[in-house]
Amino acid sequence: MTDEILVQTRSVREEKGWLWRGRSDGTYQVTEEAEPLREPGTKVTLHLNPMLAGRYREEKVERLLRNYGFLIRPVVELEGDMGSRRINDGLVPWRQSFCSADEILRFGELMFGERFLGVVPIVGEGLRGYAFISERQTSAAEMGRHKIFLRDMLVTEDGKELLPKWAFFTRCILNAEYLTPMASREGFVSDQQLAKARNEIEKCIFDYFVKLSRYDMDRLKRLTMIHNVAIKSLAVEHEQIYNLFFPFVVFRSNQGELTGFQIMEAARAQTVYYCTQIDDYRRACPLMGSAVILINAGYIYDTKLLKLLKYYHQGSRVEEFDESSYAKLLREPSAKTGKELAEVVKMAEHALDPFRCGVTLKQFKPEAMPALYVAGVDGFLDSAVTAVDFPALWMALIRKTFWEDTGAGCISIPRIL
């Protein structure tokens, strides 16, 4: 942008002035001004590099000045081809004696160019500003979402050192007084003051959520629906937020999408099962009847949230689905079916006896699935057979059982687990 910066300054305590001349190679020089400024103050002059000057048109210069300096209290004016205009004449809500919530929201929309669901006032020691809650789903990977000022000057649009990690569904504008900037002035030094400011911001957002639960439940539900994952990440770490938000977060299950409240109600009357892996859920889901609730907890935070349900709400019947759950949840065959297949079970037990395996007869859907292979806790046969080639093993077992022992030429395949 520039190869040289001139800073002319004069103190109110003396008549002489000083000139600081900085160059792009990092060198600088300080000399006494031959002709000091007429009035006390500071004048900064940038000599644009001729090759880059075309990039900095008047509109862009004005946008940069407003972005970095709109909080500065002394008047900042820009003189250009479009005349002279003041840069920092915008409303700063926290400096007003009173500002309505709608006015603050409009301020946020002007600063960030998007609409917001709500606004959280941030007040702490030497810390003022707002956390605006986005109306759209956001990601922790998004960068440049904030405007963090130090004593009225913009330092960073990142804010990762200052804001809690889970607050990625907010866009914050904050002005700090006591934080220490890095030498590059692109962030803040990680010290006790920074940790204190981060805790104050976190507390302000917590308090806002609590107020919503008391006075604006509809807004709280909407916020939870939009930022479901972000809220879950917050709830697993804080009991107060867990109890506040768990009834509204959503889980996928064999009964469709269920809210935490529906799960809590069901867990009072029956055992609610959850799979910690998505593949386990996909395998088990088609086999479960309508009377069983099976939750797909393979998504981030879901398993931990469901485990915490028993901890925070004593008496809740929530259990992890594992290999032993199949035998408990699959239906027993009717007496008629059991009688018809008694001979088959006997022959299967005879064939499996050398492997010290037993046979359990269960009934399940879909009809197109003749058999189901579950590895079991000890992983028996895992090194020799997989779920892919299990049907071939089962057919070989049936052939050996019937064709060698009974001489039967053709049979219907029994549906045995």
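Predicted model: local features only at pLDDT ≥ 70, side-chain atom pairs only at ≥ 80, totals over all residues.
A search of the whole structure finds one cavity of 30 Å³ or more. The largest cavity holds about 50 Å³ of space. Its lining is made up of Glu-125, Gly-126, Leu-127, Ala-176, Glu-177, Tyr-178, Leu-179, Gln-193, Ala-197 and Glu-200. Of the lining residues, five are nonpolar, two polar and three charged. Helix 3 (residues 192–215) supplies the largest share of this lining, with three residues.

No disulfides are found in the whole structure. Such a bond is a covalent link between the sulfur atoms of two cysteines. For Cys-285, the closest cysteine sulfur belongs to Cys-275 and is 8.5 Å away, which is too far for a bond, because a disulfide requires the sulfur atoms to be within 2.5 Å.

| Residue | Relative accessible area | Class |
|---|---|---|
| Cys-99 | 16% | Cys-99 buried |
| Cys-285 | 22% | Cys-285 partly exposed |
| Ser-316 | 12% | Ser-316 buried |

Ser-316 lies in the loop that runs between helix 9 (302–312) and strand 16 (318–320). Ser-316 counts as buried because its relative accessibility of 12% is under 20%. Leaving aside residues up to four places away in sequence, Ser-316 touches Ala-267, Leu-309 and Lys-310. The side chain of Ser-316 also reaches the backbone oxygen of His-313, at 3.0 Å. Between Ser-316 and Leu-306, 10 residues apart in sequence, the C-alpha to C-alpha distance is 10.0 Å.

Methods. Residues numbered from 1 in each chain as written. Heavy atoms only, no water. 1 Å grid on protein atoms, 1.4 Å probe; cavity = no way out; pocket = protein on both sides within 12 Å on 5 of 7 lines; lining within 4 Å. Points joined across faces, edges and corners; volume = space filled by probe spheres on them. Helix = DSSP H or I, 4+ residues; strand = E, 2+ residues; numbered from the N terminus. Nonpolar A, V, L, I, M, F, W, Y, C, P; charged D, E, K, R; others polar. Buried < 20%, exposed > 50% of the residue type's maximum accessible area, 1.4 Å probe, protein only. Contact = heavy atoms within 4.5 Å. Polar contact = N/O pair within 3.5 Å; in protein donor to acceptor, adjacent residues only side chain to side chain.
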